[in-house]
Amino acid sequence: MSELRQEAEAIAEQFSDHTDVDPDDVEERLATLVDEYRVPLDEASRSVTNSYLEDAGMERDELGRGGSEEVLVNDIDEDEQWVDLRVKLVDLWEPRSDSISQVGLLGDESGTIKFVAFETSDLPELTEGQAYELSNVVTDEYEGSYSVKLNRTTGITEIDEAIEVGDDADTVEGALVDIQSGSGLIKRCPEDDCTRVLQNGRCSEHGQVEGEFDLRIKGVLDDGETVTEVIFDREATEDLTGMTLEEAKDMAMDALDTTVVAEEMGEDVLGRYYRVTGPTFGRYVLVDEMEDPGTVDVESALIEARSI
Amino acid sequence: MSGSAPTREVARRVFATEFNDAGYTFTESDDERAPVYALLPTGESSNRVFFVGTLTEKEDVGDDSEYWRGRIVDPTGTFFVYAGQYQPEAASKLRDLEPPAYVAVVGKPRTYETDDGTVRVSVRPESITEVDAATRDRWVAETARRTVERVAAFDDEGNEYARMAREEYDLDPQTYKAAALSALEDLDESDDELAGDGSADGDPPSDDATSDETDPAGAPEP
């Protein structure tokens, strides 16, 4: 089958739920553009699709992506793909914008992925903990992280099935070469659902507030080839440094300065090797588990190095 | 947390013998603030290094203000580390440390030309911390591996930094591979002797490497 014919049938298939489109007719229109007018195939395909949309009085996002593929969330690695998912709604977050109706985390056995549903799509509300078959969702990419967008054509079917949500944690190992600013003893905004870290006593959303103390380390693990930014939350920081929040507060009180805490922590952890495991959010790996990689096996290192 | 933060430079793993030969520096753009890279003779650019060794000596070589020089020895040679008023944490660390001690250093390569035209390579530290023997051993194993990997890729087509190294240096990358393997072999032997006792404090790994290293003619300008 020619490339043109394939494309023509794909376009016809997209319209199959809405209106009768003859693949022969599509192929002819494509052929005119591609063969006579030297229009690239993807541009030709776009233009032909648009003319059918206009004829049918339809919007582009009403189009089914004729038989979009059912995929696992962790296999999503391309922008703007139409896919089907069988997932459980793991977590709902507070939308940051009025245009968003729901935002949160979907999961299947391969891991989890962020999803966004928009007010304009008029979709039924999803419930936390419920399993769904979602058809026609579109993948999106931002700085290497993938998410899916629900849209007006998304089919939502509740399913009575237990979906085990897999662990998509990453493991990184390397030397801790830097502790970034905003580490050590920090203050967070106490407002409901706001956990922003205060800058000079101010929250970027709520202004001057009486902050609540917390511990965290934003660090950099470096294995000589790549750098990974990692965040230790309070528990992980206490585990890593052996310093509790109370001890950190006492230390800052004695010094009349909170920065001594990060400095003291740096003494204990900079230049050491760690292996950490946790989910990736944006640029950061959030540390769930941390191990000291221990004593190196010199003999196997030697065998390996000689074999390179 | 805006996503446009520039990517952080990786800290290369390189033994002292190779690092001290990395006297050629370059930038990747004409921008005044473009990062400066030292060219490793095994064919890699290096804007930052991470190493672990034994601090054997430290001295305040400053005139008006404190300017600390530390000698940090690895199985192949000696790193020279300079920290002054613009590296207050590293400087105070050098002031406080009692040699011999295992230390881990993150820092930037700096070159300095002596009066007789010799190029000295030193390290301007971002951090210095005292560590244990297990960390040192892990670094030696890791650095040996990275070094051997760089040498193995030296003749790869399209290895731009290897091409640059061939042009700028008259140095055989195989010597660094030999040094890396011998560092690892020494570690293997000392492992056997200590029978797993990883906490042998303050034993400089190799003395012959320090003695044939002459001091830089003077401290670079702080």
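**View 1. Helices α5 and α6 of chain A cross at roughly 120 degrees in this predicted model.** Helix α5(A) spans residues 245-255 and helix α6(A) spans residues 259-269. Their axes come within 8 Å. Axes are lines fitted to C-alpha atoms, for helices over the stretch in contact, and angles run from 0 to 180 degrees between N-to-C directions. The angle makes α5(A) oblique to α6(A); under 35 degrees counts as roughly parallel, over 145 as roughly antiparallel, 65 to 115 as roughly perpendicular and the rest as oblique. The crossing is right-handed, the term for a near helix turned clockwise from the far one by less than a right angle, with anticlockwise giving left-handed. Helices (H or I, at least four residues) and strands (E, at least two) are DSSP runs, numbered from the N terminus.

This is a predicted model: local features need pLDDT of at least 70, side-chain atom pairs count only at pLDDT 80 or more, and totals for chains, interfaces and linings use all residues. Residues are numbered from 1 along each chain as its sequence is written, while chains are lettered from A and ligands numbered from 1 in the order in which they are written.

**View 2. Residues at the contact of α5(A) with α6(A).** From α5(A) come Ala248(A), Met251(A), Ala252(A) and Ala255(A). From α6(A) come Val260(A), Val261(A) and Glu264(A). Residues are in contact if their C-beta atoms, placed from the backbone, lie within 7 Å. Six of the contact residues are nonpolar, none is polar and one is charged. Ala, Val, Leu, Ile, Met, Phe, Trp, Tyr, Cys and Pro count as nonpolar, Asp, Glu, Lys and Arg as charged, and the others, Gly among them, as polar.

**View 3. An open sheet of three strands in chain B.** The order is β1-β2-β3, with antiparallel pairing. Two strands pair if DSSP finds at least two bridges between them. β1 (25-27) and β3 (44-46) stand at the edges with a single partner strand each, so one side of each has no neighbour in the sheet. Neighbouring strands are turned by 45 degrees against each other on average, direction ignored. β1(B) and β2(B) (residues 36-40) pair over three bridges. Thr25(B) has Ala38(B) as its bridge partner in β2(B). Helix α4(B) (residues 160-168) packs on the sheet, touching β2 and β3 of chain B.

**View 4. The side of chain B that touches chain A.** The contact takes 32 residues from chain B and 28 residues from chain A. α3(B) supplies the largest share of the chain B side, 12 residues. That side has 15 nonpolar, five polar and 12 charged residues.

Methods: Two residues are in contact if their C-beta atoms, placed from the backbone, lie within 7 Å.
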